[in-house]
Amino acid sequence: MDDLRVPIGSFFVILGVMLLIAFFVITTGPPLASPNVNLWCGIAMLLFGVIMLLLARRGKA
Amino acid sequence: MKPGAIDYIILAIYFVYVLGIGWLVKRRVKTGAEFLTSGHSIPVWVTSLAFIATNLGAQEVIGMVASGAKYGMLTCNFYWLGAIPGMIILGVFMMPFYYGSRARSAPEYLKLRFDEKTRGFNAITFAVMTIFSSGISMYALGLLFQLVLGWSFTNSVLLSAAIVLAYTYLGGLTSAIYNEVLQFFLIVLGFAPLSIMAVVKAGGWSGVTARTTAWMAKQPAFAQGPDVMTHTWKYMGHASSNMMGVEWFGMLFGLGWVLGCSYWCCNFLVVQRAMAANSMAASRLTPLIAAFPKMLMPMVVIAPGLAAIALHQMNIPGIMVPKGNSFNYNLVLTNLMAQFYPSGLLGVGLTALFASFMSGMAGNVTAFNTVFTYDIYQSYIKKNASDAHYFKVARITTVVGVFLSIGAAYWAAQSNNIMDFLQLVFGFVNAPLFATFLLGMFWKRTTGHGAFAGLLAGEVAATLTLGFSAAEGSGGWFGVVQTFPSAMAQNFWIAILSFTSCLVVTVLVSLMTTPKPVAELENLVYGYTNIPHEENVPWYKRPILLAVIVGIACILFNIWFW
């Protein structure tokens with residue numbers, strides 16, 4: 001493996017997508033959960049993953 | 001808490017990734033030396049994150065949230081006093097000798113600097129200690145999952161152990177370190193939303209302050225200083241005015257100087273990560289760069305605990321659950337998750353718990369491996385074999401180490417007070433070490449006999465202190481001469497006395513025995529080691545400058561939340 005940023009980036013992209021799916025699919029939550037938390041966390045993890053992947057690409061070039 | 005299908009899918013994806021990283025690293029690891037030491041090949045940002053991740057075991061995460069609820073901001077002393085100074089000392093003062101000596105482990109440094117017996121003593125105590133600590137964290141994880149999710153203890157212990165075994169067996173130290181970086185990000189991103197939501201729900205920082213103060217005002221012992229939960233130093237003047245039962249001297253000397261530095265500078269578990277860096281400069285930068293995220297970790301792991309008390313004060317049920325006259329603090333983290341995380345994020349949170357467990361356990365396994373293979377097997381059982389032979393031994397040791405840990409987990413499950421007892425044993429083994437390394441690296445007159453006698457004296461002093469003092473039911477086997485207000489205070493004082501005895505005896509015996517010839521001290525002792533100049537290096541790569549920035553930032557945190 002050449003660059004650790006690739007597996008980390010792709011992992012968080014997948015995790016972000018999973019949370020976005022959860023946001024649309026899951027309608028119930030525990031009493032204190034704010035309704036859009038899966039959405040916001042999904043976006044944050046997706047962004048983090050994409051940045052990691054971009055850094056890895058830039059590092060390669 | 002009831003995880004749904006999506007949560008299990010997230011957990012499964014994580015397992016695929018850790019195993020995948022192990023499998024990818026395997027192709028790069030071709031020799032025993034690469035398996036055990038990574039062949040000094042890892043970039044500094046990776047070693048830095050691995051450096052803190054290996055300490056962020058499940059017990060640390062669960063324990064820090066618990067302490068946040070029990071002691072509040074006083075817990076931050078474990079970071080801003082008990083960790084950052086030790087990390088600075090390692091990066092600035094000690095790393096040049098570890099790395100420059102080309103030792104493959106901390107015990108091997110002792111062999112090069114002192115003699116065989118000092119190495120043997122350290123290697124054996126360290127090996128035993130790592131097995132127990134990974135066993136105990138396995139036990140803690142299994143117990144938590146049994147309690148919270150209703151999973152079988154045996155299944156969760158065996159599953160997590162099997163995965164750690166698989167990826168450390170495949171790729172050795174490199175695989176453990178690479179996974180630790182993934183685990184670090186997962187722990188932070190998995191728990192940060194919990195911290196943010198809990199603090200926001202409790203009314204922001206001002207709400208947390210007001211509500212924890214209102215809560216403490218109802219506790220008779222702290223009615224005089226009810227804002228004790230949101231200060232680190234204000235109530236350290238006297239042991240009776242804070243919940244830790246510790247006064248400033250025990251805190252500063254016991255935790256900050258002895259225990260903090262012993263752990264961060266002499267425990268091979270963490271030092272191994274810095275030694276894997278790809279240059280001397282990178283190895284020195286490892287703990288200094290790691291200090292920045294470390295300093296901010298209280299926002300992720302201590303803040304939720306504080307918020308939990310504030311939420312309890314708001315009469316929100318299900319977070320602080322009673323246990324006897326007090327609360328079950330170890331459940332605070334998972335209770336918060338159950339209250340705040342919907343399915344989806346809950347999977348991320350559970351995965352983060354697994355990740356923290358695995359990073360801690362893999363750290364123990366890889367450190368045990370290296371110490372056993374090089375410092376016990378190669379030194380006492382079979383010298384001068386080929387690298388291929390030691391590679392094979394290291395792989396077998398990985399399997400044996402994991403099985404011994406599982407055994408230790410079941411042993412911990414059998415007995416009642418084993419956790420407290422072992423906590424003290426770790427204190428025994430670690431506390432005198434800092435004196436030994438400090439004198440070894442900075443006083444050329446220190447001799448092997450001196451170091452060995454000092455270590456023994458340190459352990460004896462620790463045993464006697466524990467034997468003659470009592471606190472919350474621990475110690476006092478030989479009669480009680482001194483009673484400490486808390487087990488933590490007792491722990492700190494054991495460390496202080498153990499360190500001081502080791503220091504004094506090492507100096508005295510060294511002065512009476514023949515020193516090592518100066519020619520043999522090269523790259524081992526201050527004054528005989530080439531420390532690279534840093535004039536031509538950009539500022540952000542200069543260890544001393546970085547250390548000053550870290551130090552100032554840390555002092556500012558201490559003042560901000562004094």
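I'll start with a bend: helix α17 of chain B has a kink of about 35 degrees, and the kink is centred on Phe372(B). Keep in mind that this is a predicted model.

Staying with α17(B), its length is worth a check. The helix has 37 residues, and at 1.5 Å a residue they should span 54 Å; the end C-alpha atoms are 50 Å apart, which agrees.

Ala367(B) belongs to α17, which runs over residues 345–381 of chain B. Is Ala367(B) buried or exposed? Ala367(B) is buried, because 28 other C-beta atoms lie within 10 Å, and the cut-off for buried is 20 or more. Setting aside residues up to four places away in sequence, Ala367(B) touches Thr130(B), Phe268(B), Leu269(B) and Gln272(B). Thr397(B) is 30 residues from Ala367(B) in sequence, and the two C-alpha atoms are 11 Å apart in space.

Phe268(B), Leu269(B) and Gln272(B) are among the buried residues of α12(B). That helix covers residues 268–275 of chain B and is mostly covered, with eight of its eight residues buried. The buried set includes Arg273(B), along with Val270(B), Val271(B), Ala274(B) and Met275(B).

Next, α8 of chain B, residues 116–149. Its 34 residues should span 50 Å at 1.5 Å a residue, and the end C-alpha atoms are 49 Å apart, which agrees. Just after α8(B) comes Gly150(B), with a positive phi of about 75 degrees.

Now chain B overall. Its secondary structure comes to 22 helices and five strands. The radius of gyration is 23 Å, close to the 24 Å from the globule rule for 562 residues, so chain B is as compact as a globular protein of that length. Along the principal axes, its C-alpha atoms fill a box of roughly 70 × 55 × 55 Å. Of its 562 residues, 59% count as buried. Among contacts in chain B with a separation of 6 or more, 81% are between residues 24 or more positions apart.

Chain A has two helices and zero strands. Its radius of gyration is 14 Å, well over the 10 Å that the globule rule gives for 61 residues, so chain A is more spread out than a compact globule. The C-alpha trace spans about 45 × 15 × 15 Å along its principal axes, and 33% of the 61 residues count as buried.

How do the two chains meet? The contact takes 23 residues from chain A and 28 residues from chain B. On the chain A side, α1 (5–25) and α2 (37–60) each supply at least two residues. Of these, α1(A) gives the most, with nine residues. By class, that side of chain A has 20 nonpolar, three polar and no charged residues.

Last, the core. The largest nonpolar core has 224 residues, and Val181(B) and Val332(B) have the most contacts inside it. Helix α9 of chain B, residues 153–201, gives the most to this core, with 24 residues. Which residues is Val181(B) in contact with, leaving aside its neighbours within four places in sequence? From chain A there are Leu4(A) and Ile8(A), and from chain B there are Val46(B), Leu49(B), Ala50(B) and Ala53(B).

Notes:
Residues are numbered from 1 along each chain as its sequence is written. Chains are lettered from A and ligands numbered from 1 in the order in which they are written. This is a predicted model: local features need pLDDT of at least 70, side-chain atom pairs count only at pLDDT 80 or more; totals for chains, interfaces and linings use all residues. Helices (H or I, at least four residues) and strands (E, at least two) are DSSP runs, numbered from the N terminus. The radius of gyration is taken over C-alpha atoms; the globule rule is 2.2 Å times the number of residues to the power 0.38. A residue is buried if 20 or more other C-beta atoms lie within 10 Å of its own, exposed if 12 or fewer, and partly exposed in between; C-beta atoms are placed from the backbone. A nonpolar core is a set of buried Ala, Val, Leu, Ile, Met, Phe, Trp, Tyr and Cys residues joined through C-beta atoms within 7 Å. Two residues are in contact if their C-beta atoms, placed from the backbone, lie within 7 Å. Ala, Val, Leu, Ile, Met, Phe, Trp, Tyr, Cys and Pro count as nonpolar, Asp, Glu, Lys and Arg as charged, and the others, Gly among them, as polar. The expected span of a helix is 1.5 Å times one less than its number of residues. The bend at a residue is the angle between axes fitted to the seven residues ending there and the seven starting there.
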